[in-house]
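Trainee: I have a model with two chains open on my screen and would like to learn how to read it. Please take me through it feature by feature.

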Amino acid sequence: MSGSRSAWWLSGGLAVLVAGVVGVTLGPAGPTWWRVPIAMLDHLPLISLDSGVSEAQWNIVWQIRAPRVVLAALVGAMLSLAGASYQGVFRNPLVDPYLLGVAAGAGLGATVAFAVGRETTTTWAIDPVPLAAFVGGLVAVVLTYTIGTAFGRSRSATTLVLAGVAVTSLTTAMQTFVLQRNNDVVRQVYSWILGRLTSATWGDVRLVLPYIGVSAITLLSYRRIIDVLRVGDDEARALGVNVAMVRIIVVLAATLGTSAAVAVSGLIGFVGIIVPHAIRLLAGASNRIVMPLSMFAGAAFLIAADVPGRILTSPSETPIGVVTAFFGAPFFLFLLRMRDVRQ
Amino acid sequence: MSSLALRGLRVEYGGCAVLSNIDETLARGEWLCLIGPNGAGKSSLLRAVARLVEYSGVVEVDGRSVTDFGARELARRVAFVPQDPLLPDDMSVVDYLMLGRNPYIPTFGRDSAADRAIVADLIEELSLGVYARRMLGTLSGGERQRVVIGRALAQEAAVLLLDEPTSALDLGHQQHALELVDRLRHSRDLTVISAMHDLTLAGLYSDRLLLLHQGVAVARGTANEVLRSETLAEFYGVSARVIHETDGTVVVVPLRTIENR
């Protein structure tokens with residue numbers, strides 16, 4: 001068993017590495033693709049190679065592509081881990097990281113920020129869109145949680161999910177209202193909703209890293225307990241688990257990480273559902289494997305999904321959310337088919 | 001010292017009492033069987049002992065109130081098998097048994113060599129070796145029941161609560177499951193409370209019966225004392241013949257009330 005686990009970790013790490021190298025290598029501008037890996041080796045300490053890559057070209061690789069790849073890895077890992085965690089604590093395979101209204105709240109926050117006017121806000125020291133999205137997402141989830149626990153006897157998981165549906169409807173309605181009043185920003189908001197990593201900088205990476213770090217460490221430390229929850233709330237309690245508290249902590253941690261991811265990348269759909277399920281089909285259902293492996297797979301998947309978007313329709317970009325769904329859906333169906341054949 | 005004591009136990013759902021004034025004391029190694037019609041309060045009593053429902057009154061394990069224990073401490077003393085346990089189809093038998101070790105594994109830790117040894121011993125004791133790597137979804141009803149009891153035993157608790165342990169099993173598997181519990185309670189000195197519908201089996205395996213009706217204890221004692229046709233007529237609304245065999249076995253046979261032809 002441990003041998004096969006090591007093989008999974010190795011495959012996961014390798015997938016991220018390969019996707020990362022491909023991600024920084026390919027792009028519409030910059031040096032010839034095969035020179036990039038050589039230039040990267042050249043920049044490692046104690047290694048000196050003649051890559052033929054100019055300083056300006058290296059800047060494209062290091063200042064534009066690299067942060068984009070790292071951000072894609074962080075966002076992909078976070079959304080996949082949050083998805084796996086939500087699916088675990090709610091024992092529902094269909095829930096995604098946006099379950100409790102993060103997406104709708106962040107969408108409203110971003111819409112308001114756009115509506116205030118990009119002309120006004122470009123002079124601000126901090127870009128307000130990620131911040132507004134982050135705050136909007138968190139406020140929506142706090143609202144969902146307050147409603148869900150106030151009306152639901154014994155904090156039932158179903159009431160919480162229903163509260164999420166209600167809050168999502170409410171915030172979406174508010175967002176539509178704001179958009180109606182500000183027709184000029186519809187295009188910007190729409191492009192944000194479809195997700196983008198286009199303008200990723202090292203600053204964005206630094207912005208989200210602490211939140212995603214705290215969230216991921218918390219979620220991963222609960223992965224064994226989330227496995228205990230698979231036998232139902234009552235039995236988990238009889239086995240000594242404080243179910244209500246575990247659920248609160250996991251939901252809050254997953255939401256914090258998701259909000260941070262959404263703030264810098266917009267709404268990238270499908271990753272949080274498809275990646276954990278793909279891992280379950282391949283490596284079994286235990287969260288002790290599914291959760292960490294989903295992080296690797298999510299990171300590799302999103303880095304890879306970001307590549308066609310910037311090349312296919314160059315010089316304009318295809319939103320990454322479109323790519324994840326376009327390639328993700330058939331791949332997922334393929335995995336389901338493979339499982340049926342195997343059984 | 002008694003292993004388990006209930007004093008003035010009362011459970012309410014929405015202001016309505018489903019169990020009241022239950023007093024009972026069990027010695028170590030004793031098997032008490034709760035009987036009574038549907039809705040009599042059998043499951044509520046078991047769930048109160050496992051602290052899964054709010055209750056008033058006192059529930060003591062080894063002389064200490066269960067409210068003194070943290071959730072993990074309680075799980076090391078009381079193991080509960082619900083009537084319809086949720087078995088994830090894609091979880092392996094050995095992983096499922098390991099869940100029983102949860103009260104001993106640190107929250108952020110992983111199973112130790114000792115935990116794995118205990119699970120391995122259980123697999124041996126319950127003859128689960130051939131199933132160990134199989135997924136729960138592939139097991140038959142009898143195999144599932146054995147695995148569920150195994151998970152409860154992995155908790156190494158002195159008190160074992162079984163809610164309808166044989167309801168989904170055929171006659172042969174009912175016998176196997178109850179023989180297993182009986183053998184284990186003797187070898188491990190377990191205190192057992194079970195809720196059961198089959199009165200003959202209840203009388204056959206337990207030391208004492210407690211008959212509940214509308215949340216109140218209406219009869220208690222040995223099978224010979226409790227299982228009487230007039231008692232069953234009064235509280236189950238059934239006409240039944242109760243046969244007292246010379247070896248002490250009590251057999252309950254429901255009577256057909258409509259004349260044949």
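Predicted model: local features only at pLDDT ≥ 70, side-chain atom pairs only at ≥ 80, totals over all residues.

Mentor: Residues are numbered from 1 along each chain as its sequence is written, while chains are lettered from A and ligands numbered from 1 in the order in which they are written.

Trainee: How many helices and strands does chain B have?

Mentor: Helices (H or I, at least four residues) and strands (E, at least two) are DSSP runs, numbered from the N terminus. Chain B has nine helices and 12 strands.

Trainee: Why is chain B called as compact as a globular protein of its length?

Mentor: The radius of gyration is taken over C-alpha atoms, and the globule rule is 2.2 Å times the number of residues to the power 0.38. For the 261 residues of chain B the rule gives 18 Å, and the radius of gyration is 19 Å, close to that value, so chain B is as compact as a globular protein of that length. Along the principal axes, its C-alpha atoms fill a box of roughly 60 × 45 × 35 Å.

Trainee: What share of the contacts in chain B joins residues 24 or more positions apart?

Mentor: Two residues are in contact if their C-beta atoms, placed from the backbone, lie within 7 Å. Among contacts in chain B with a separation of 6 or more, 64% are between residues 24 or more positions apart.

Trainee: What is the strand order in the four-stranded open sheet of chain B?

Mentor: The order is S2-S1-S4-S5, with antiparallel pairing. Strand S2 (16-26) and strand S5 (64-65) of chain B are the edge strands, each pairing on one side only. Strand S4 (residues 56-61) of chain B and S5(B) pair over two bridges, and Glu60(B) has Ser65(B) in S5(B) as its bridge partner.

Trainee: Where does a positive phi occur in the hairpin of S11(B) and S12(B)?

Mentor: Strand S11 (residues 240-244) and strand S12 (residues 250-254) of chain B pair in the antiparallel sense over five bridges. The hairpin has five residues between the strands, and Gly248(B) takes a positive phi near 95°.

Trainee: Is Ala77(A) buried or exposed?

Mentor: A residue is buried if 20 or more other C-beta atoms lie within 10 Å of its own, exposed if 12 or fewer, and partly exposed in between; C-beta atoms are placed from the backbone. Ala77(A), in helix H3 of chain A, has 28 other C-beta atoms within 10 Å and is therefore buried. Glu73(B), with 15 C-beta neighbours inside 10 Å, counts as partly exposed. In chain B, 39% of the 261 residues count as buried.

Trainee: How many residues are in the largest nonpolar core?

Mentor: In soluble globular proteins, nonpolar side chains tend to be buried together. A nonpolar core is a set of buried Ala, Val, Leu, Ile, Met, Phe, Trp, Tyr and Cys residues joined through C-beta atoms within 7 Å. The largest one here has 181 residues, and Ala73(A), Met78(A), Val78(B) and Leu161(B) have the most contacts inside it. Helix H3 (residues 55-89) of chain A gives the most to this core, 16 residues. Leaving aside neighbours within four places in sequence, Ala73(A) is in contact with Val16(A), Gly20(A), Ala299(A), Leu302(A) and Ile303(A).

Trainee: How many residues does each chain bring to the contact between them?

Mentor: Chain A brings 18 residues and chain B 20 residues. On the side of chain A that touches chain B, helix H10 (223-228) and helix H11 (233-238) of chain A each supply at least two residues, and H11(A) has the largest share, four residues.

Note on methods: Pairing = 2+ DSSP bridges.
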